[in-house]
Protein chains: 2
Amino acid sequence: MIESTPTPATAAPTAVQGYSPRTGTPVGEPLPASTGPEVERAVAAAQAAAPAWAARSGAERAEVLEAVADALDAARAELVAVADAETALGEPRLTGEVGRTSGQLRMFAGLLRAGAHVGAVLSPADPTLGRPDVRRMLHPIGVVAVFAASNFPFAFSVAGGDTASAWAAGCPVVVKVHEAHPATSLAVARVVRTALTTAGASADLLGLVAGRAAGGPLVTHPGIAAVGFTGSLAGGRALFDLASGRPDPIPFFGELGSVNPVVVLPAAAAERTEDLAAGYLGSLTLGTGQFCTNPGLLFVPEDTKLLDAIATRARTATGGPMLSARIRDAYEGGTSARAGRELARGTAAEGAWAVAPVVWHADLAEFLAHAAELTEETFGPAGLVVTYADEDALLAALGRLPGSLTGSVHTVEADHPLAARVAAALRPRVGRLIHNGWPTGVAVCWAMHHGGPWPATTAPGHTSVGGTALERWLVPTAYQDWPDALLPPELRDANPLGVPRVTQP
Amino acid sequence: MIESTPTPATAAPTAVQGYSPRTGTPVGEPLPASTGPEVERAVAAAQAAAPAWAARSGAERAEVLEAVADALDAARAELVAVADAETALGEPRLTGEVGRTSGQLRMFAGLLRAGAHVGAVLSPADPTLGRPDVRRMLHPIGVVAVFAASNFPFAFSVAGGDTASAWAAGCPVVVKVHEAHPATSLAVARVVRTALTTAGASADLLGLVAGRAAGGPLVTHPGIAAVGFTGSLAGGRALFDLASGRPDPIPFFGELGSVNPVVVLPAAAAERTEDLAAGYLGSLTLGTGQFCTNPGLLFVPEDTKLLDAIATRARTATGGPMLSARIRDAYEGGTSARAGRELARGTAAEGAWAVAPVVWHADLAEFLAHAAELTEETFGPAGLVVTYADEDALLAALGRLPGSLTGSVHTVEADHPLAARVAAALRPRVGRLIHNGWPTGVAVCWAMHHGGPWPATTAPGHTSVGGTALERWLVPTAYQDWPDALLPPELRDANPLGVPRVTQP
C-alpha cells in the first residue's frame with residue numbers, strides 16, 4: 001500500500017544515533033531506521049485505534065490528555081537528563097519545556113471540556129423557505145503524521161503541540177522522530193504509551209517511525225489523513241510536494257522558516273537605547289538562536305546610538321553548541337554568505353558544535369537591493385540590522401517582506417501614530433504582531449497564533465500553537481433532517497453535553 | 001510577473017462564445033479571451049481595491065453586499081433571459097437561482113452584522129505564568145481567484161457563493177468566467193460593478209477574465225492569495241497542482257466531483273417503494289442531472305420491488321439539453337463505458353444537446369469488483385443502483401467509497417438501528433448526511449456544509465456553501481501586548497463593535 005519514493009542507490013542509514021553537542025560523541029543506543037513494512041505497521045496500528053478514540057466525548061479525551069501530562073511531569077527528571085545529553089539545551093530550559101509540554105496537554109483538555117472545538121452550528125428548519133433542519137459539527141480527520149522538530153525536544157516533538165492538538169481533535173498520530181534526539185523521543189514515547197494504556201486508551205494513539213527515508217512513505221501512505229511538520233524550508237517543501245502530489249492530496253500543515261522582523265521606532269530608539277540593545281541580543285542568542293521566532297531582521301533608525309549599542313553588546317555575547325553537526329554546518333554556511341556586512345561577532349562557548357553570535361548591518365537601500373538573499377532565515381544566533389532614514393521607505397520595505405511567524409514593533413508613546421502604520425504594513429506578512437516585546441517565547445494560550453504566510457507556513461489560515469491548533473485536524477459534517485436520537489449528542493435538541501452552539505436566527 | 005504555462009503551438013481561441021443548448025447556435029456577442037496582460041491588469045486592479053475593502057467593518061461590508069443583492073433582484077428578468085438562452089435551464093429554475101444568489105449575499109450580510117466571522121479570542125495576561133496579553137482575530141487573506149461553474153450560471157458563477165463569501169471576508173475577487181455562459185457572466189458583472197460603485201465601493205472588487213488559457217496565469221499570479229473552484233476533477237486537479245506548485249503555494253479550495261451515495265434500508269424499501277422510486281428519478285433528472293449533488297449511486301436491498309419500480313419510472317423519464325456540447329459529449333462517453341449494466345433508459349427531450357436519463361444496475365459483488373470505474377462521477381441524469389443482500393457487506397462497501405459531498409439514508413422507524421451504523425460508515429466519506437431526503441438541493445444556511453474528502457473537494461475542512469464558507473478567505477493574527485487604542489476595534493477592551501468573543505478563563 002505504500003507509494004514510496006525510489007530507494008536511492010546508496011542505502012539510507014539503518015539507524016538513527018543521537019550525539020552530544022558538547023562532545024560530539026554518541027548518546028544512548030541507536031534507534032533502528034524504519035523500513036517500509038514498519039511504516040505500514042505503525043499506520044495500520046494507528047488506524048485501528050482511531051474509531052474508539054474518535055468516539056470518545058471531549059471530556060473523556062480530556063481525562064486521557066491529563067493523564068499523559070501527569071506522566072510526563074512525573075518522569076521529568078529522567079526525560080530532562082536524556083534530552084540535555086542529546087541537545088545541550090541545559091536543565092533549566094528543558095525542565096521548563098517539559099512543563100510547557102504537559103501544560104499544553106492540559107490546555108487542550110480544558111478546551112475539550114469547554115466544548116467549543118466541535119464548532120456546532122444549528123440552522124432550524126424553515127418551512128416557509130423550504131429549508132430543512134441542518135446541524136453542523138466537526139469530527140476528527142483521521143490518522144495524523146507528525147514530523148518532530150529539532151529545537152524543542154519536548155514541546156515540538158513526540159508529545160508536542162501537533163500531537164497534543166491531534167489527540168484533542170480525536171486523531172491518533174504517527175510521529176517521525178527527529179534525528180537530533182532519538183533517545184529523548186524513545187523515552188517520551190515510552191512514558192506516553194504507558195500512560196495511555198493506564199488511562200484506558202490505546203497505546204497506538206502514538207506510533208513512532210525513525211529515519212529520514214521514512215518521511216516520504218509516511219506522507220504518501222493512504223492511511224494518513226493530514227500532516228503536521230515543523231522544520232526546514234527545503235525539507236518541508238519536499239514533503240508538502242509529496243502530500244499535494246498524492247492521488248488523493250491531503251492537508252499539510254508545515255512551519256518552514258521565518259525571519260521575524262522587529263521594527264524599532266525613532267523615539268523608542270532614542271529613549272530606550274540600552275534596554276533595546278540588551279533585549280535584542282538576549283532574544284537573538286536565547287537557546288543559541290535556535291528558535292523559529294528568532295529575531296533575524298531588526299530595523300532601527302539611522303543616526304541613533306542604538307546600532308553602536310548593539311555592536312558593543314554583540315561583541316561580548318557568547319554562543320553555545322548547536323543541536324547537531326548538520327545544523328552547525330548550515331549556520332556556518334549561512335554566515336559566510338553575508339560576511340561582507342558583519343557589524344560584530346561574539347565568541348563561541350565551549351563545546352564540539354559551538355558557534356559564535358553574529359550581527360550584520362545594511363542600510364535600507366542595500367537591504368532592498370539584496371532582499372531575497374538577506375531575508376533567508378539563518379537558523380542560529382545571527383541577525384541582520386537594517387538602518388532606515390525615511391519612514392515611507394521603511395513602510396514600503398515592510399510590505400515586501402516574506403511571510404514570517406511574527407512581527408514586532410518597539411515604541412514609546414510619541415511613536416504611536418507611526419506604530420499604527422507599521423503594524424498595518426506588517427500585519428499581512430506575519431501571524432503575530434508583538435508590541436514592545438521580542439518574538440522568542442510563544443505563549444501557549446487559547447488566543448495564540450503561530451502561523452503566517454509562506455514560507456512561515458504552508459497553510460496561512462492555521463496555527464501550530466494555541467487553542468485553535470486543533471482546527472487543523474477536524475472536518476465538518478452537516479446533518480440534514482436526522483431524527484434527534486440518531487444525531488451526535490452535541491447536536492441533539494437537549495444538548496446533553498452542554499457544548500456551545502451557534503443557532504441561526 | 002505572470003508565471004504562465006507555455007503557450008501551446010496551436011493558438012488558444014481568441015474569444016469565448018455562448019451557444020443555445022436548444023439549437024446549438026450562438027447567443028450574444030463573443031467575450032474576448034483574456035491575454036496575459038489582461039489577467040495582469042485584472043489582478044492589479046483587485047489588489048488596488050483590497051486595502052480599502054479590508055478596512056471596512058463587517059457592518060459596512062454588509063451594506064454593500066445587500067446593495068448588490070438588491071441590484072441582482074432588480075435585474076432578474078434581464079438576467080434570467082440571457083441565462084436561459086445560454087443554458088436552457090428554464091425560467092422557473094433560473095428565477096429561483098437569482099433569488100438564491102441574492103439571498104446568499106444577504107445571508108453573509110447577516111453573518112457580518114453578527115460579527116462571529118472575526119473569530120475573536122482573548123487570552124488575558126497572566127503575570128504569575130509570565131503570559132502576555134494575546135488577542136486573536138481573523139483578517140482577509142487578499143485577492144481571491146474564483147473559477148465559475150457551468151451548472152449554476154448565477155449561484156456558482158460571477159456573483160455566486162465563492163464571490164459572496166470572499167467579499168464578506170474582505171477580499172476582492174477575479175472571476176474566470178465559465179465557457180458555457182459568457183453572456184450571462186458579462187450581464188451579471190455589469191449589474192454588480194454598477195451596484196458596487198453606487199454603494200460607494202470599488203467596482204474592482206469584481207474582475208473578470210475569460211478563456212481556458214487564462215486559468216493558469218490567474219492561479220500562478222503572485223497577487224492571487226487563494227483560489228475557489230467548482231468544476232471537473234481533471235480541470236480542478238490541474239489548477240490545484242499549479243497552486244500547490246507555485247514558489248509560494250496558496251490555498252486552493254476546489255469542488256471537483258462527487259457520486260453522492262444514497263442508501264435505502266430494508267424496511268423503507270418495502271414500505272415506501274413508489275415514493276422512493278419517484279424521489280430517486282426526480283433527484284436524478286432534476287436540472288438534467290447537472291448537479292454536483294446528483295445521486296449517482298443508490299444502494300437498495302435485494303428482493304424488494306424497489307428495483308423494478310425504479311426501472312419502470314426510468315423508462316418514462318425525460319432528459320433535456322445539456323449545458324454545452326462538451327458536457328453532452330462527456331455524458332455520452334460516460335454512459336457507453338457502463339453499457340453492459342443498463343437497467344433502464346428514458347428518452348431525450350427535444351434540443352440540440354439533449355440526452356436521455358440512464359439507470360445502471362450491479363449487485364454488491366460486481367460493484368466491489370469494479371468500484372474504481374463505477375464510482376467515477378457521470379455528470380448528467382445517470383445513476384447506478386447497487387443491490388445488497390447483506391448488511392455487513394453493505395457497511396464494508398460504504399467505508400470504501402471515494403469522498404462525496406453528500407451521503408443519504410432512507411429509513412422507516414424499524415430501520416433506525418441499522419441507520420446509525422450506516423451513518424457511521426458514511427460519515428468519514430461525505431460532507432453532509434441526509435436523512436429521508438435526496439441530495440440535490442443545497443440549502444444556503446449558516447450550518448450547511450458543502451464539502452467532503454477528495455475528490456469531492458481539495459480541502460476537506462472547508463465548505464463552499466453556508467455560513468462557514470467565508471473561513472476559507474480569512475487568516476488569523478495574534479496581537480500581543482498592544483496598547484488598547486492601537487488594536488482593531490474588535491479586540492479593544494470596550495468591544496465597540498460588539499462582536500462575539502471567546503475569553504480564556
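**The sheet and what surrounds it**

Author: An open sheet is formed by 11 strands with mixed pairing, in the order S13(A)-S15(A)-S16(A)-S11(A)-S10(A)-S17(A)-S18(A)-S19(B)-S4(B)-S3(B)-S20(B). Strands (E, at least two residues) and helices (H or I, at least four) are DSSP runs numbered from the N terminus. Two strands pair if DSSP finds at least two bridges between them.

Reader: Which strands stand at the edges?

Author: Strand S13 (342–345) of chain A and strand S20 (501–503) of chain B; each has a single partner strand, so one side of each is left without a neighbour in the sheet. The twist averages 20° from one strand to the next.

Reader: And the ground rules for the model?

Author: This is a predicted model, in which local features need pLDDT of at least 70, side-chain atom pairs count only at pLDDT 80 or more, and totals for chains, interfaces and linings use all residues. Residues are numbered from 1 along each chain as its sequence is written, while chains are lettered from A and ligands numbered from 1 in the order in which they are written.

Reader: How many bridges join S4 to S19 in chain B?

Author: Seven, between residues 134–140 and residues 474–480, and the two strands run antiparallel. Leu138(B) is opposite Pro476(B) there.

Reader: Switching to H6(A). Buried or exposed?

Author: Of its 17 residues, 12 are buried, so H6(A) is largely enclosed by the rest of the structure. Buried means 20 or more other C-beta atoms within 10 Å of the residue's own, exposed 12 or fewer, partly exposed in between, with C-beta atoms placed from the backbone. Among the buried ones are Leu186(A), Val191(A) and Arg193(A).

Reader: What do they pack against?

Author: Strand S1 (15–19), strand S2 (26–32), helix H2 (58–74), helix H3 (76–87) and S7, in chain A. Just after H6(A), Gly200(A) has a positive phi of about 85°.

Reader: Where is Asp204(A)?

Author: In the loop between helix H6 (182–198) and strand S7 (206–209) of chain A. Asp204(A) counts as buried, with 22 C-beta neighbours inside 10 Å. Beyond four places in sequence, its contacts (C-beta atoms, placed from the backbone, within 7 Å) include Ala45(A), Ala49(A) and Pro172(A). Ala49(A) is 155 residues from Asp204(A) in sequence but 6.1 Å away in space, C-alpha to C-alpha.

Reader: Last topic: how do the copies meet?

Author: 100% of the interface residues of chain B are also interface residues in chain A, so the copies meet through the same surface.

Methods: Two residues are in contact if their C-beta atoms, placed from the backbone, lie within 7 Å. Axes are lines fitted to C-alpha atoms, for helices over the stretch in contact, and angles run from 0 to 180 degrees between N-to-C directions.
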